[in-house]
Amino acid sequence: KWSALSAAQPRGEVTVEFYNHGNTPQPSVIMTVRGTRFPDEIVVLGAHQDSINGSGQTLSAPGADDDASGIACLTETIRVMMENGFKPDRTVQFMAYAAEEVGLWGSNAIATAYRTANKNVIGVMQLDMTNYKGTLGYDIVIFTDYTNAAQNQFVRDLITEYQPGLNVGTSACGYGCSDHASWHNKNYPTSMPFEATINDDNSAIHTANDT
């Protein structure tokens with residue numbers, strides 16, 4: 001799908017490729033939109049493409065919220081970027097991570113490789129579950145652990161500027177609950193806007209009912 005969207009507006013600075021992993025047959029997918037002014041400064045926008053049923057590995061795991069919702073947000077962003085011919089100053093990389101549910105395998109491998117290569121990732125945003133209104137009064141909940149406080153404030157400022165009618169709250173996982181933790185652990189600034197506080201998230205995830 002990402003390849004098809006990029007092909008609609010042929011641009012040499014856009015690539016889509018698999019990122020293969022040794023510990024899982026599922027590859028991650030990375031779409032790169034090369035920056036026009038500061039190509040060595042990288043912004044990473046991520047979500048995970050795998051799903052799981054916690055009751056058994058042969059059971060249905062539709063994963064509509066966890067995390068097809070995050071992938072859908074990225075895909076719509078890509079569609080709008082391509083249709084409008086948007087050329088970012090900095091390089092933007094969209095990442096659909098493999099094997100998040102079994103221990104952040106895909107994102108950890110990528111973040112480790114980027115740190116080893118000393119790539120200049122100036123910001124990472126993770127979208128893991130974005131389509132369930134679990135906490136009344138909050139439209140977006142920004143997680144405060146395994147994230148960067150200054151970047152979280154920047155995200156809040158963006159919401160205020162472009163969606164001033166939304167109500168924003170905060171919460172914390174208490175552990176490295178999604179792929180942003182992989183980047184945080186490698187000393188990259190991260191943020192994770194979420195659908196609810198941690199105690200109000202979608203109870204259907206990791207079951208056949210996440211439709």
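Mentor: Two strands pair if DSSP finds at least two bridges between them; strands (E, at least two residues) and helices (H or I, at least four) are themselves DSSP runs, numbered from the N terminus. This is a predicted model, in which local features need pLDDT of at least 70 and side-chain atom pairs count only at pLDDT 80 or more, while totals for chains, interfaces and linings use all residues. Residues are numbered from 1 along each chain as its sequence is written, and side-chain values use heavy atoms, with hydrogens and water left out.

Trainee: Why are strand β6 and β9 said to pair?

Mentor: Strand β6 (residues 140-143) and β9 share 2 bridges in the antiparallel sense. That number meets the rule for pairing, so the two strands count as a pair. Across from I142 stands P193 in β9.

Trainee: What makes β7 and β9 the edges of their sheet?

Mentor: The open sheet has 3 strands in the order β7-β6-β9, with mixed pairing. β7 (168-171) and β9 (193-194) each have a single partner strand, so one side of each lacks a neighbour in the sheet.

Trainee: What joins β3 to β5, and what pairs β5 with strand β8?

Mentor: β3 and β5 run parallel and are joined by 6 bridges; G46 has Q126 in β5 as its bridge partner. Strand β8 (residues 190-191) pairs with β5, also in the parallel sense, over 2 bridges, and M125 has S191 in β8 as its bridge partner.

Trainee: How do you know that C173 and C177 form a disulfide?

Mentor: The term applies to a pair of cysteine sulfur atoms within 2.5 Å. The sulfur atoms of C173 and C177 are 2.0 Å apart, so the pair qualifies. The angle about the S-S bond is 70°, and the link is right-handed. C73 is in no disulfide, as the nearest cysteine sulfur, that of C177, is 17 Å away. A search of the whole structure finds 1 disulfide.

Trainee: Is C73 buried, partly exposed or exposed, and what places it there?

Mentor: Buried means under 20% relative accessible area and exposed over 50%, with partly exposed in between (1.4 Å probe, protein chains only). C73 has a relative accessible area of 31%, which lies in between, so C73 is partly exposed. By contrast, C173 and C177 are both buried.

Trainee: What puts the buried residues of α3 on the same side?

Mentor: In α3, the buried residues are G106, S107, I110, A111 and Y114. They cover an arc of only 120° around the axis, and therefore lie on the same side of α3; the arc is that of the directions from the helix axis to the C-beta atoms. These buried residues pack, by contact (heavy atoms within 4.5 Å), against β1 (14-19), β2 (28-33), β3 (38-48), β4 (90-97), β5 (120-126) and α5 (180-184).

Trainee: How do you know that the reach of helix α3 is close to that expected?

Mentor: The expected span is 1.5 Å times one less than the number of residues. Helix α3 (residues 105-116) has 12 residues and reaches 16 Å from its first C-alpha to its last, close to the expected 16 Å. Just after α3, N118 takes a positive phi of about 55°.

Trainee: Why is the contact of R37 with D89 called a salt bridge?

Mentor: A salt bridge requires a side-chain nitrogen of Lys or Arg within 4 Å of a carboxyl oxygen of Asp or Glu. The closest N and O atoms of R37 and D89 are 3.6 Å apart, so the pair meets the rule. R37 is in the loop between β2 and β3, and D89 in the loop between α2 (64-83) and β4, so the pair, 52 residues apart, links distant parts of the chain. R37 is exposed at 55% relative accessible area, whereas D89, at 30%, is partly exposed. By this rule the count comes to 6 salt bridges.

Trainee: What joins E76, R79 and E83 into one network?

Mentor: E76 forms a salt bridge with R79, with closest N and O atoms 2.7 Å apart, and E83 forms one with R79 at 3.1 Å. These salt bridges share partners and join E76, R79 and E83 into one network. In helix α2, E76 and R79 are 3 residues apart, about one turn, and E83 and R79 are 4 residues apart, also about one helical turn. E83, at 54% relative accessible area, is exposed; E76, at 37%, is partly exposed, and R79, at 28%, is partly exposed.
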